[in-house]
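Welcome! Let us take a friendly walk through a protein model, one part after another. Have the sequence and the 3D view ready as you read.

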Amino acid sequence: MKKGIHPQYNEIKVTLVSGEVIKVYSTSKKDIVLDTDPTNHPAWTGQRKVAERGQRATQFKKKFDGFKL
């Protein structure tokens, strides 16, 4: 490896929503506080709502109804 071109790895603390602190290595120099993590995100907890067919298009049309270019 060439010297002087690679970023320095630092040990930082990642704080999860539950308050649990994990030590990881990163090129970031700041500690990170997460507002979403695998313990509370609907995509990972199985609480994700599946939109009914056409529902998203209806919501879009309702939101932009009357919008003229």
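Three of them form an open sheet, in the order 2-1-3, and the pairing is mixed. Which strands sit at the edges? They are strand 2 (21–26) and strand 3 (32–33), and each of these pairs on one side only. Please keep in mind that this is a predicted model.

How do the neighbours run relative to each other, parallel or antiparallel? Strand 1 and strand 2 run antiparallel and are joined by six bridges. Strand 1 (residues 10–15) and strand 3 run parallel, with two bridges joining them.

## Partners across the strands

Now zoom in on single residues. E11 has Y25 as its bridge partner in strand 2, while T15 has V33 as its bridge partner in strand 3.

Next, follow the chain through the hairpin of strand 1 and strand 2. Five residues lie between the two strands. In this hairpin, G19 takes a positive phi near 100°.

Where does L34 lie? You will find L34 in the loop between strand 3 and helix 1 (42–45). Leaving aside its neighbours within four places in sequence, L34 is in contact with V14, T15, L16 and V17. One of these, T15, is 19 residues away along the chain, yet the C-alpha atoms of L34 and T15 are separated by 6.1 Å.

Is L34 buried or exposed, or something in between? Its relative accessible area is 30%, so L34 counts as partly exposed.

## Three aromatic rings

Turn now to F60, F64 and F67. Ring pairs link these three residues into a cluster. How many aromatic pairs does the structure hold? There are two. F60 and F64 form a tilted pair, with 4.9 Å from centre to centre and 50° between the planes. The rings of F64 and F67 have their centres 6.3 Å apart and their planes at 70°, so this pair is edge-to-face.

F60 counts as exposed because its relative accessibility is 54%. F64 has 38% relative accessibility, so it counts as partly exposed. F67, in the segment after helix 2 (55–63), counts as exposed because its relative accessibility is 58%. Together, F60, F64 and F67 make a nonpolar surface patch of about 360 Å².

## The whole chain

Finally, step back and look at the protein as a whole. Its secondary structure comes to two helices and three strands. Read along the sequence, these elements follow the pattern β-β-β-α-α.

How much of the protein is buried? Of its 69 residues, 7% count as buried. The protein exposes about 7000 Å², and carbon and sulfur atoms supply 53% of that area.

One last number concerns contacts along the chain. Among the contacts in the protein with a separation of 6 or more, residues 24 or more positions apart account for 0%.

Technical notes:
Residues numbered from 1 in each chain as written. Predicted model: local features only at pLDDT ≥ 70, side-chain atom pairs only at ≥ 80, totals over all residues. Heavy atoms only, no water. Patch = residues over 30% accessible without salt bridge, like charges linked within 9 Å, V, L, I, M, F, W, Y side chains within 5 Å. Areas by Shrake-Rupley, 256 points an atom, 1.4 Å probe, with all protein chains shown as cover. Salt bridge = Lys/Arg side-chain N within 4 Å of Asp/Glu carboxyl O. Helix = DSSP H or I, 4+ residues; strand = E, 2+ residues; numbered from the N terminus. Buried < 20%, exposed > 50% of the residue type's maximum accessible area, 1.4 Å probe, protein only. Contact = heavy atoms within 4.5 Å. Pairing = 2+ DSSP bridges. Phe/Tyr/Trp six-rings, centres within 6.5 Å; stacked < 30°, edge-to-face > 60°.
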